[in-house]
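Visitor: Hello! Could you show me the model, and then walk me through the surroundings of the ligand and the sheet?

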Amino acid sequence: MATRTARLTQAPPDGRVASVRGLVRSFGDRRVLSNVDLDIARGEFVALLGASGSGKSTLLRVLAGLDGEARGEIGVDDAVAVSFQEPRLVPWKRVLANVVLGLRGPDATDRARAALAEVGLAERVDAWPLTLSGGEAQRVSLARALVREPGLLLLDEPFGALDALTRISMHRLVLDLWDRHRPGILLVTHDVDEALLLADRVLVLESGRIAHESPVPLPRPRHRDHPDLVALRAVLLRRLGVTPEGTA
Ligand SMILES: Nc1ncnc2c1ncn2[C@@H]1O[C@H](COP(=O)(O)OP(=O)(O)OP(=O)(O)O)[C@@H](O)[C@H]1O
């Protein structure tokens, strides 16, 4: 586990892939993250909700090592991978080359092929990114993240731009991949149902800190009509300032 930022203490104890204390991030005079404390255990699936502009992507970028301006104690696993809402594929490289990009070792191509097979794209290794559907492009992005065998996988609204059916199949795929590889996951999403169907724990970012936390101690696959999920959904929606249907 590597630690970073100007004011770091020691690396987090074993068993955690992320450990953050007192994280602060400002843009000019505006303090977006004012005091974030967060732990993610190895193999834990955590979802992060919050109003638009509350700082979810900012937090994810800090954990990804893409923001050198944050202050606080930040310990993150050495192997971190990110998948964004836009798959961010290099358009002039074929699918396989996109997944190989930046990989080291003589078996890099074989590993990339295996990762593409895992996400169901063995037949599309020679395709150009622009010929892929949104769901396929997102699966390439997942393969590119997973081939690095991350201890911490950061997902920034990876299903946000997909249609409802594709989103459901992506949920299944992510759970399946998580089950097989067991990275710690931080999923940033706007979708309360998505968070409840996938995560072990749902967090709400508010006023620059983690203001609420709901464990979701239910086996998967989960059904959205399960009474415990219905109750948790109501709690989270209220927390997010939305009145759940039928309770107004
Ligand atoms: N590079 C930047 N420069 C200035 N302000 C920024 C920068 N990055 C983010 N911000 C501001 O920080 C705040 C939090 O942004 P962030 O993207 O983290 O929010 P978010 O919770 O992910 O929002 P959304 O749900 O709408 O994607 C916003 O007000 C945004 O304008």
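Predicted model: local features only at pLDDT ≥ 70, side-chain atom pairs only at ≥ 80, totals over all residues.

Visitor: How do the residues of the shell around the ligand divide into nonpolar, polar and charged?

Guide: Residues are numbered from 1 along each chain as its sequence is written. The shell takes residues whose C-beta atom, placed from the backbone, lies within 6 Å of the ligand, and they include Phe 27, Val 32 and Lys 56. With Ala, Val, Leu, Ile, Met, Phe, Trp, Tyr, Cys and Pro as nonpolar, Asp, Glu, Lys and Arg as charged, and the others, Gly among them, as polar, the shell has 2 nonpolar, 7 polar and 1 charged.

Visitor: Which element gives the most to the shell around the ligand?

Guide: Helices (H or I, at least four residues) and strands (E, at least two) are DSSP runs, numbered from the N terminus. The top contribution is 3 residues, and it comes from helix 1.

Visitor: Which strands stand at the edges of the sheet?

Guide: Strands pair if DSSP finds at least two bridges between them. The open sheet of 6 strands, with mixed pairing, has the order 6-7-8-4-9-10. Each edge strand has a single partner, so one side is left without a neighbour in the sheet: these are strand 6 (80-84) and strand 10 (209-215).

Visitor: Which residue in strand 9 does Leu 49 stand opposite?

Guide: Strand 4 (residues 45-50) and strand 9 (residues 201-206) run parallel, joined by 5 bridges. Opposite Leu 49 stands Val 204.
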